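Open the model in your viewer and keep the sequence beside it. The stops below say what to select next and what is there.

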Amino acid sequence: MRSNYFDTLSSSLKDYKRAIPFLLIDLDRLDKNISVLQRSLKQGAQFRLVVKSLPSPELIKYIMDYADTKHLMVFHQPFLSDLSRWCDSTVDILMGKPMPIRTASYYYETLDNKNGFDPSKQLQWLVDTTERMEEYIDLAKKIKHKIRVNLEIDIGLRRGGFADIPQLKSALTLLRNHPNELQLSGLMGYDPHVVKLPKWVMSKEKAFQKANETYKKYIAVLKDDFSDLWHENLCFNGAGSPTISMHQTANSVLNDISAGSCLVKPTNFDIPSLAAYDPACFIATPVLKKMEGTNIPGLEKFKSLLNRLDRKHRNSYFIYGGLWMADYCYPPGLSGNKLFGSSTNQSMVNSTGEMDLNPGDFVFLRPKQSEFVLLQFGQMLAIREGKIQEEWTLLNQTI
C-alpha cells in the first residue's frame, strides 16, 4: 500500500489527544467493500451481517444503514443481550451457533428490550440435534411463548448439525408435534470448506456443487414431506465471506447470505475469491524507544556481529504493546525480533527498509482476523480520508 496513505494516518494520529495502540476502521474502504459485496449477492438474496466479525454498535449500525439490511448473525450471548437492548422491531437476528440451554434461559431471564425487539418474532435460535430441540421445548414452556428455531444442516463441513435425511426428518417431526412451543424459521448450512479443500481432494467448483445439492435435498424434504411447516418466509442461510461470490449463481439455494470479515478484510481473508476487497482495518501503535543496533540479553558481545550480518539490526525499536494476532504492514520490512521475543507490553521490532523511525512515530499492522483482535481494544477510531472522525465503542461482553 502507498506510503502516503499511512503518512496521512500518522499525521492524524500524532495530532490526536493521546498516543496508545488504536484500532482503525477506514470508512472509505469500508464503503467500497460494502458496494463490492452488494454486487456479489445473488439476486433476491438477503445480506445478513455477521456481528462477531464487527463487534461495535456504531460499526454495525453504519454497515446496516449503508448496506440497507436489518439482518444480523450473532455468535455470543452477551452480544445478543446487548443488541436486544438497542435493536428495534425491524431487526432479525439468527444465532450462528447452538447455545447451551442455560445460556438461552439466562438470555430470557435478563432480557432488556426497551426499544421494541421481540425475540418471539425476531430471534432465530440455531439447533443442531433433537436433544437440543427438546431442551428448547422445555424452555418455551418455562417462558410461556413460542421459540423460533433454525436447523443447522451439515452440507460438507463436518462440524455438526443434522447430517442426513433421517436426522432431519426426526427434527421436523419433533417440530410438527410441538407447534405451541417451536416454530421453524429455516435452515442454515455453512460451507467454508468449499474454498479450503486442497485441489487434490476436490475442486472448489465440485465442492460447491456438492454442498449446494445437499442443501437442496434438505429443502425438498421439508417442502414435500412437511408442507405444514413450510412458509414463504423461511430463511435458508449460508455462505460466509470466502464463498459469497460462488452463491451469485442462480443455482444457489440460499435466500439469506452471511458475511462480515470481508468488509474489513483481515489478512486471513487475503484469498482469491476476495481479491476485489480492500483492507479496511489496521492497528496503529506508537514507537516508544529507539536504540542504535540490536542488543539481545545474554548476547551483548555479538551486537556488532548481528548488525553486520543483517542490516535490519542497525536500529531497534520498542513499540507500545504487541503480540497481537496481526502482521506488520508499514513501514515496509518491519518485523518483530524473534531472538528478543514477543511481548504484550513492549515489543522489539526491526526494519529492513530505509525508513528511520523515532519515538512518537506510528507503525501499522493488519489484523489476521477481526472477531478476536478487535475485542482487544477498548475502542476503535473511524477514519475518513485519513482523518479521525469518531471514537466507536465495542459491544458489551459481560451482559
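What should the 12 residues of α8 span at 1.5 Å a residue, and how far apart are its end C-alpha atoms? They should span 16 Å, and the end C-alpha atoms of α8 are 16 Å apart, which agrees. The expected span of a helix is 1.5 Å times one less than its number of residues. Helices (H or I, at least four residues) and strands (E, at least two) are DSSP runs, numbered from the N terminus.

Before going on, some notes on the model. This is a predicted model, in which local features need pLDDT of at least 70 and side-chain atom pairs count only at pLDDT 80 or more, while totals for chains, interfaces and linings use all residues. Residues are numbered from 1 along each chain as its sequence is written, and side-chain values use heavy atoms, with hydrogens and water left out.

**The whole protein**

Zoom out. The protein has 11 helices and 17 strands. Its C-alpha atoms fill a box of roughly 80 × 50 × 40 Å, taken along the principal axes. Of its 399 residues, 53% count as buried, where buried means under 20% relative accessible area, exposed over 50%, and partly exposed in between (1.4 Å probe, protein chains only).

**Helix α8**

Select residues 165–176, which form α8. Leu-168, Ala-171, Leu-172, Leu-174 and Leu-175 are buried here. Seen down the axis of α8, the buried residues fall within an arc of 155°, so they line one face of the helix; the arc is that of the directions from the helix axis to the C-beta atoms. Their cover includes α7 (130–143), β6, β7 and α10 (204–225), with contact meaning heavy atoms within 4.5 Å. At the start of α8, look at Asp-164: one of its side-chain oxygens reaches to within 2.8 Å of the backbone nitrogen of Gln-167. A polar contact is a pair of N or O atoms within 3.5 Å; within protein, one must be able to donate a hydrogen and the other to accept it, and residues adjacent in sequence count only if both atoms are side-chain atoms.

Next, select 182–190. This is strand β7, with 7 of its 9 residues buried. Two strands pair if DSSP finds at least two bridges between them. Glu-152 has Met-188 of β7 as its bridge partner. From β6 the chain passes through α8 to β7 in a right-handed β-α-β crossover: with the strands pointing away from the viewer, the path from the first strand over the helix to the second runs clockwise. Tyr-190 has its bridge partner, Ala-239, in β8.

**Helix α4**

Move to 77–86. Of the 10 residues of α4, 9 are buried, among them Phe-79, Leu-80, Leu-83 and Trp-86. The cover over the buried residues of α4 includes α3 (57–67), β3 (71–74), β4 (92–95), α5 (101–109) and β5 (123–127).

**Leu-27**

Is Leu-27 buried or exposed? At 4% relative accessibility, Leu-27 counts as buried. Leu-27 is located in helix α2 (residues 27–40). Leaving aside neighbours within four places in sequence, Leu-27 is in contact with Tyr-62, Ala-382, Ile-383, Arg-384 and Trp-392.
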